[in-house]
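Hello,

Here is the structure I promised to pass on. Have a look at it first, and my notes follow below.

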Amino acid sequence: MKTRSLILILGDQLSPAISSLKAADRQCDRLLMVEVAEEATYVRHHRKKIAFLFSAMRHHAAALRDAGWQVDYLQFDAAENTGSFTGEVARAVRRLRPQRVVVTEPGEWRVRAAMDRWPAELGLPVEILDDVRFLCSRAAFADWAAGRKQLRMEFFYREMRRKTGLLMDGEQPEGGKWNFDAQNRKPAKADLFIPQPHRVEPDAITKEVLTLVGARFGDHFGDLTPFWFAVTASEAEAALDHFIERALPSFGDYQDAMLADQRFLYHSVLSLYINAGLLDPLAVCRRVEAAYRAGQAPLNAAEGFIRQIIGWREYVRGLYWLKMPGYVEENFFAADRPLPDFYWTADTQMACLKAAITQTREEAYAHHIQRLMVTGNFAMLAGINPKQVHEWYLAVYADAYEWVELPNTLGMSQFADGGLLGSKPYAASGNYINRMSDYCGRCPYDVKQKTGERACPFNPLYWDFLVRNEDRLRGNPRLAQVYRTWDRMSEEKQRDYRESAAGILAKLK
């Protein structure tokens, strides 16, 4: 039978409900899935991230075939593999002679730019459909943003709550407040009863992928094994069940806490499954809401979790498409210091950075406070080039795609967009890390010492950052009290801070 549509399924579109399949026909349409070098290497992705996606793609292709779809699947090491989406779609068009190409819109701008050239390059229509896994379309977000001087997530989040009805009591938010984040900042203590994420033993397909990745990506960052990620929708659902039953009740209280020997605390570790399509984000939120309404989890836990998905996740995706392609070049502080080597090696005496980076290398995972207030905070205080910071985050985390990672890094973590996303920089001294973690107790630096050789580097770097960028930040009303504190310091104390910071920065390489 003649092929009507060639439907490309991308590696983060592993859902049977994807828009490109909704109007498709199992008899006359052909699906195409490809593992290509261009996607695996445009940044040097963590080996565990590549293995997760390749294995999940292969399992999804098998599930589609079982559901009656005709699937052409090209593995990474196939001799004929051209290494790019464009090359493989062109080969499939020559082979199958379809009437058109259909694809759900990609998550990343560079892929969309390539697709926009396909009609001319392929000589046939290319239909790019909205990604209906998101609650807010790109056009709807642009309408919301139009005319606003500041694009604050909190106001967008409220609209998403009203739209979905999640945690709503009629027209009002459940519990009388939209946001319970003030209750979600408790430090944690090591506890034998802290749950571990759901773990899956690699099957034959995953083992084959691990062998491939070990052989072909041996020079990429990160440990490949032990590998325990879910790679099918059913396994991801089991991970969701596990989180709701064992971790959700305490997720809210301790979502900002950090413990050196408890890498996951009460976090779900579901973002990689949601972002790849193995879990539906709205369905996940409905499950969490149901747990709250059944008395299985407190409101601050359910609200905090749901806000991350229908608030932050939707918001940063909208912002990304609104501001690309120029957004990636934003550099409000004109920061130009190269990314230190220890971001790849973890070879640093700073206990918090060593712990977060070691965990990242071994797990392809760190939770949001480790990313924001440890690795991100240090990079901003030290004046690291934000584009290099962005490329590091994009490479090292299994849940990282440019649409979600770039605004979180440049906007929230590095304040490189000058306040489009956040109202002030997330800058903090060592006191914050000491309050929210147990890292400082095992660090050779003294978090209580402000300057000098043994001082926690975050302490002098914090003030040095504020002074270096005074012309850009002093007018920020949320930093007025901070600058008043600096102004009250003696000249000698100010000099000690600046000189200590200069010594730290001189040693970075």
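Among contacts in the chain (heavy atoms within 4.5 Å) between residues at least 6 apart in sequence, 77% join residues at least 24 apart. Please keep in mind that this is a predicted model, in which local features need pLDDT of at least 70 and side-chain atom pairs count only at pLDDT 80 or more, while totals for chains, interfaces and linings use all residues. Residues are numbered from 1 along each chain as its sequence is written, and side-chain values use heavy atoms, with hydrogens and water left out.

The overall picture: the chain holds 24 helices and seven strands (DSSP runs numbered from the N terminus, H or I of at least four residues for helices and E of at least two for strands). A compact globule of 509 residues would have a radius of gyration near 23 Å, and the 24 Å of this chain agrees with that (taken over C-alpha atoms; the rule is 2.2 Å times the number of residues to the power 0.38). Of the 509 residues, 60% count as buried (under 20% relative accessible area, with exposed meaning over 50% and partly exposed in between, for a 1.4 Å probe and protein chains only).

Thr 206, Val 209, Leu 210, Leu 212 and Val 213 are buried in H9. They cover an arc of only 165 degrees around the axis, so they sit on the same side of H9 (the arc is that of the directions from the helix axis to the C-beta atoms). These buried residues pack against helix H3 (47-66), whereas Ala 204, Thr 211 and Ala 215 are exposed on the other side of H9.

Finally, Ser 500 lies in helix H24 (residues 491-507) and is buried, with a relative accessible area of 14%. Leaving aside neighbours within four places in sequence, Ser 500 is in contact with Thr 451, Gly 452 and Pro 460.

Best wishes
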